[in-house]
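Please keep the sequence and the structure in view while reading.

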Amino acid sequence: MKNYVYLGKEYSDSEIEEALEKYCPNKYQKFEDIESVTAQYISKGYIVGWFQGRSEIGPRALGNRSILADPRQADMKDILNERVKFREFFRPFAPSVLWECQTDYFDLDIINPYMLIVSEVNEDKRSQIPAVTHVDNTGRIQTVIKEYNPRYHKLITEFKKITGVPVVLDTSFNIKGEPIVETPTDAINRFLGTNIDVLIVGDYLLKKDNIND
């Protein structure tokens, strides 16, 4: 099974390290299990810039050039807007959900990998994921399938192990009026110029000085 949405350029570890050394020498770490480390930060309420593999085509960030956050935190939408995105207050943020858990949380039983379908959030789950439940009790979901995006699927799986919730909040890795980041340098500069707490680029982690976890 293939997903043809990830068609952008992919960057090697050496290219990522070169960018990190240029802008943040000796401040980054490399992890063998970056997905579980990232899930821990998201579960603690931190805002995470997530840069992986090839960039997406189309109108949505689909887990390769994304800003991720905890959907369980009711005020996360406001926090993201105040600290990073600066969007209109009425615009919702989207949920990425594991395919194998999708019907538990949403009234949609088909694969929707491109975040183009709005579905009602199941009534018994709305209180679990308030940050991605719009005022009309819907969400514009992305179905995350292991074969389509194994690293993003693993991240959400690790988040589910910690929290019991197979959903993360996903929004594009940019700020208002700017394009989505494309290169490691773009991601680092956007991280340094905003209040994003943690940046993940490939297997590398960079965090703000005030983050002690």
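Is Met115 buried or exposed? Met115 is buried, as its relative accessible area is 2%; here buried means under 20% relative accessible area, exposed means over 50%, and partly exposed is in between, with a 1.4 Å probe and protein chains only.

## Basis of the model

The model is predicted, so local features need pLDDT of at least 70 and side-chain atom pairs count only at pLDDT 80 or more, while totals for chains, interfaces and linings use all residues. Residues are numbered from 1 along each chain as its sequence is written, and side-chain values use heavy atoms, with hydrogens and water left out.

## The sheet

Nine strands form an open sheet in the order β1-β9-β8-β2-β3-β7-β4-β6-β5, and the pairing is mixed. β1 (28–30) and β5 (117–120) are the edge strands, each pairing on one side only. From one strand to the next the twist averages 35°. Strands (E, at least two residues) and helices (H or I, at least four) are DSSP runs, numbered from the N terminus. Two strands pair if DSSP finds at least two bridges between them. In general, strands of a sheet pair through backbone hydrogen bonds, either parallel or antiparallel.

Helix α1 (residues 13–23) lies across β1, β8 (198–201) and β9, and runs at about 20° to β9. Axes are lines fitted to C-alpha atoms, for helices over the stretch in contact, and angles run from 0 to 180 degrees between N-to-C directions. Glu21 belongs to α1 and counts as partly exposed, at 35% relative accessibility. Leaving aside residues up to four places away in sequence, Glu21 touches Asn26 and Tyr28, where contact means heavy atoms within 4.5 Å.

The axes of α1 and helix α6 (residues 184–192) come within 9 Å and cross at roughly 35°. This crossing of α1 and α6 is right-handed; that term applies if the near helix is turned clockwise from the far one by less than a right angle, and left-handed if anticlockwise. On the α1 side the meeting residues are Ile16, Ala19, Leu20 and Tyr23, and on the α6 side they are Pro184, Thr185, Ile188, Asn189 and Leu192.

Glu178 counts as partly exposed at 37% relative accessibility. Glu178 and Arg190 are 12 residues apart in sequence, and their C-alpha atoms are 10.0 Å apart in space.

## Helix α2

Helix α2 (residues 34–43) is largely enclosed by the rest of the structure, because nine of its 10 residues are buried. Among them are Ile34, Val37, Ala39, Tyr41 and Ile42. The cover over the buried residues of α2 includes β2 (48–51), β3 (65–69), α5 (150–163), β8 and β9. After α2 comes Gly45, which has a positive phi near 95°.

## Aromatic rings

The whole structure holds four aromatic pairs. Rings of Phe, Tyr and Trp (its six-membered ring) pair if their centres lie within 6.5 Å; planes under 30 degrees apart count as stacked, over 60 as edge-to-face, and the rest as tilted. One of the pairs is Tyr28 with Tyr204: the ring centres are 6.0 Å apart and the planes stand at 65°, so the pair is edge-to-face. This pair links distant parts of the chain, since Tyr28 in strand β1 and Tyr204 in strand β9 are 176 residues apart. Tyr28 counts as buried at 17% relative accessibility, and Tyr204 is buried at 2%.

Phe89 and Phe90 also pair edge-to-face, because their ring centres are 5.6 Å apart and their planes are at 85°. Phe89 is exposed, with a relative accessible area of 65%.

Charges also sit over rings, a term used if NZ of Lys or CZ of Arg is within 6 Å of the ring centre and within 35 degrees of the ring normal. Arg65 lies over the face of Phe51 at 3.8 Å from the ring centre, and Lys125 lies over the face of Tyr105 at 4.8 Å.

## Positive phi in loops

Met115 lies in the loop between α4 (102–105) and β5. Although not a glycine, Met115 has a positive phi of about 55°.

Asn137 is in the loop between β5 and β6 (138–144). Asn137 is not a glycine either, yet has a positive phi of about 65°. With a relative accessible area of 28%, Asn137 is partly exposed.
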